[in-house]
Every structure is written in structure tokens, then in C-alpha cells.
Amino acid sequence: MDIKLLRAFVTLSQLKRYHSAAEKLCVTQPALTKQIQTLESLSGITLFQRGRHGARLTVAGELLLQRASEVLASYDNFRADVASIQQGIMGTLTVGFGISSFRVAPEKVAIFRTLYPDVQVSLNDMSSAVQFQKLAEGQLQTGFVRLPAPERLESKVLAEEKLVLAVAHERDTELSSAAELLGSRKLLQLSKDRGEGLSEQISRFLSLRQLTPQTVFPADDIQTLLALVATKNGVALLPAGVIHILPYGVRLIPLEGEHTTWQTGIAWNPQIKDPVRDNFINIVTP
């Protein structure tokens, strides 16, 4: 049943005159009459009695009016929701981020929430490799990642990240070089499945300098690594972004040379049309 027929029915019942209802609906009076007749034919019910006082609802028409009004309201609300989603001002946004974006990701999300209060945002901590997979599968709308991204995804560079050595505040660490510390201390490292890109970066860094740590001890998250460093259980090669979550008792030694820097940025799946996501990307990369 055409929604136009229900709108004609409700409008005529409200205004009670064909001429007035036709004007409001922007149709001719004969066209409105035909719409009412079509609706009556489809329903098998006489909806109006036409007389000197205009069009009056029959008993059956009165019974159907409330339901027809509810259907119209629901339809209009649906159209309004579609328009809001098309403009990206309503809906949901799932964003991934990693250690390198501990500061920038929440900042951009806060700005977005202020501008688009009707969008529900979730910020999820996960590795770049996991983000790439979820972006490709449509389970994540956008993410702050280590670049480069896979070819099927689109991305924009935001910053350059640097590798640093996290060590405990001790007198001998202040007098030792990064190479000496890496050769004499246990290396605390993020598990490969939690930071594949970082693991490869560290491997290239160590290999180029022919450094072989005494022991490599894996952990499942950056906070655990930093806690172990603070309690003098070893040293850790980490992104400089850890400075934003650095615990007491840990200092960072800058590193220079090849394999100490990489680009970070934001990535998304261009095959998926998503106005909400695009509004967020425009805030991140104006």
C-alpha cells in the first residue's frame, strides 16, 4: 500500500475538506479524490461520507485513523533518521587506536562528540594488524594505525613515531648507552600477536646494530611492560608515545639512526560508504 494513500487519508480526515487537503498535499482535488477511492478499494472499506459539511469519517474510518497516523509518524521518523545518517549526524562510530595515538585519539573523539552529540562513539585499544583486519571486514569504521596500511584500505599520514628505550631510574642506567643496556639487561617486549608491527621494528633495529639481548621476556600489554621496567625487571623498546602513560620510576632514552622511526595515521575502508566516519576523518585531517 502506497504511503501517499495513507497521507491523503490522514490529511483529509484532519482538514475535512477535499479542497483544503489537496492544497496541503500539493495535488489537484481530482487526484486526491482518486487516492481516497483507491485506498477504499484496496481496503474494501468506505472511509468517508461526503456532504455539505465536507468529508466526514465513517465509523470504520475513525477506527483506522489512529493506526494510519501512527504508521505515518513512524514513516516520517524513519525518513528523518535516514537523512540524519546520510549527513553523518546520527548513528555509531567505532574507532581503533594504539599506543602511538594514546593522546590524539581521545582528543579527536572528544571534539567529534561535541560537534555530533547524537553519534555513539566507542574507542577500542587494539594493534594495527587487528585494526586492518576489522576495517577490511567492516567491523571497525576507522582506526589510528601504524603505516603503511594494506592497499585495499585508504589512509592519511598524521605523524612520525620514534622508537625509545624505557629503563628504570638507576645510577648505572644514567651512565650507560642504549646499546650497553640492551646487551646487559633482559629485554621486555610486547607479544607479537599484540604488536606485530612493533616487534618487526625492534627486530630490524637490533639486527642492524648486531645487538643480542640476554633474554626476551614477552608481555601482553604496554602497561605491564612499563610496570616491569619500573620494578627493574628489564628494559623495553617502545614507541615514544608511551610518555603519556609513563609510570613513576621509568625514563625514556631517545634512539637515533635507521629503523627508529615510522609513520602513523588514520585508516578506513573506502569501499564502505559511511558519512559518520567521513565526518570524523574530516575532523582528524582537516
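How many salt bridges does the count come to by the rule used here? The count comes to five, where a salt bridge is a side-chain nitrogen of Lys or Arg within 4 Å of a carboxyl oxygen of Asp or Glu. The structure is a predicted model, in which local features need pLDDT of at least 70 and side-chain atom pairs count only at pLDDT 80 or more, while totals for chains, interfaces and linings use all residues. Residues are numbered from 1 along each chain as its sequence is written, and side-chain values use heavy atoms, with hydrogens and water left out.

The chain is divided into domain 1 (3–87), domain 2 (91–158 + 263–284) and domain 3 (161–262), with bounds that come from an automatic or database domain assignment. The centres of domain 1 and domain 2, taken over C-alpha atoms, are separated by 45 Å. An unreviewed UniProt entry carries the annotation "domain: HTH lysR-type" for residues 1–58; such positions are given in the numbering used here, feature names are shortened, and annotations may be inferred rather than shown by experiment. Over residues 1–58 the chain is 62% helix and 14% strand, where helices (H or I, at least four residues) and strands (E, at least two) are DSSP runs numbered from the N terminus. The end C-alpha atoms of this stretch are 20 Å apart.

Now for the salt bridges themselves. One of them joins the side chains of Arg7 and Asp76, at 2.8 Å from N to O. Arg7 lies in helix H1 (residues 3–15) and Asp76 in helix H4 (residues 59–87), so the pair ties together parts that are 69 residues apart in sequence. Arg7 is partly exposed at 27% relative accessibility, a class that lies between buried (under 20% relative accessible area) and exposed (over 50%), using a 1.4 Å probe and protein chains only. Asp76 is also partly exposed, at 32%.

Helix H4 holds a further pair, Glu70 and Arg67, three residues apart, or about one turn of the helix. Their side chains meet at 3.2 Å, N to O, in a salt bridge. Glu70 is partly exposed at 37%, whereas Arg67 is exposed at 54%. Another salt bridge links Arg277 and Asp278 at 3.0 Å, N to O; here Arg277 is buried, with a relative accessible area of 4%, and Asp278 is partly exposed at 32%.

Leaving aside residues up to four places away in sequence, Thr264 touches Ser100, Val145, Leu147, Lys156, Val157, Leu158, Ala159 and Glu161, a contact being heavy atoms within 4.5 Å.

Some details of the backbone are also worth a look. The peptide bond from Leu147 to Pro148 is cis, with omega near 10°, and Pro148 sits in the loop between strand S5 (142–146) and strand S6 (154–168). Lys16 is not a glycine, yet has a positive phi of about 65°. This lysine, Lys16, lies in the loop between H1 and helix H2 (18–25) and is partly exposed at 44%. Lys232 likewise has a positive phi, near 65°; Lys232 is in the loop between helix H10 (222–230) and strand S9 (235–239) and is exposed at 55%.
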